[in-house]
Amino acid sequence: MTAQTAPPAVETGSAAEACVPEQYHIAEELEQYLGDPHDASAAFSFAEAVALDERDEYPAAACARLDAWGLPEFYVPEQWGGRLRSFEQLVAL
């Protein structure tokens with residue numbers, strides 16, 4: 001039986017970014033755009049999601065933020081004028 005080793009530590013910086021597959025870069029960009037979900041003042045905060053759910057309200061501000069970022073452009077493949085490059089990219093978003 002061979003000894004098992006722990007997975008390598010996650011690095012930050014350009015070397016780590018180079019290890020991230022290209023199709024996930026846009027998902028990282030979206031996460032940065034949306035901000036910290038723990039910040040109660042953000043449109044995509046956990047607190048706002050709970051409040052909307054309790055009021056049975058549509059998340060209009062959150063959807064508008066996604067539209068402003070350009071998410072609908074990823075519903076259409078690049079070959080037909082959109083920004084979607086792969087199914088993996090769509091799933092990541």
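Reader: Hi! How many helices and strands does the protein have?
Author: Hello! This is a predicted model, and its secondary structure comes to five helices and zero strands. Read from the N terminus, the elements go α-α-α-α-α.

Reader: Nice. How do H2 and H4 pack, say in angle and distance?
Author: Helix H2 covers residues 22-34 and helix H4 covers residues 60-69. They pack at an angle of about 130°, and their axes are 11 Å apart.

Reader: And why are they called oblique to each other?
Author: An angle over 145 degrees would count as roughly antiparallel and 65 to 115 as roughly perpendicular; at about 130°, H2 and H4 are therefore oblique. The crossing of H2 past H4 is right-handed.

Reader: Which residues make the contact?
Author: From H2 there are Ile-26, Glu-29, Leu-30, Tyr-33 and Leu-34, and from H4 there are Arg-65, Leu-66, Ala-68 and Trp-69. Seven of these contact residues are nonpolar, two are charged and none is polar.

Reader: Switching topic: how many aromatic pairs are there?
Author: The count comes to one aromatic pair. The rings belong to Trp-69 and Phe-74, with centres 5.5 Å apart.

Reader: Why does that pair count as stacked?
Author: The ring planes are at 15°, so the pair is stacked; the cut-off for stacking is under 30 degrees.

Reader: Are those two buried or exposed?
Author: Trp-69 is buried, and Phe-74 is buried too.

Reader: What share of the whole protein is buried?
Author: Of its 93 residues, 19% count as buried.

Reader: Last one: what share of contacts joins residues at least 24 apart?
Author: That share is 39%, taken among contacts between residues at least 6 apart in sequence.

Notes: Residues numbered from 1 in each chain as written. Predicted model: local features only at pLDDT ≥ 70, side-chain atom pairs only at ≥ 80, totals over all residues. Heavy atoms only, no water. Axes fitted to C-alpha atoms, helices over the stretch in contact; angles between N-to-C directions. Helix = DSSP H or I, 4+ residues; strand = E, 2+ residues; numbered from the N terminus. Parallel < 35°, antiparallel > 145°, perpendicular 65-115°, else oblique. Left-handed = near helix turned anticlockwise from the far one by under 90°. Contact = heavy atoms within 4.5 Å. Nonpolar A, V, L, I, M, F, W, Y, C, P; charged D, E, K, R; others polar. Phe/Tyr/Trp six-rings, centres within 6.5 Å; stacked < 30°, edge-to-face > 60°. Buried < 20%, exposed > 50% of the residue type's maximum accessible area, 1.4 Å probe, protein only.
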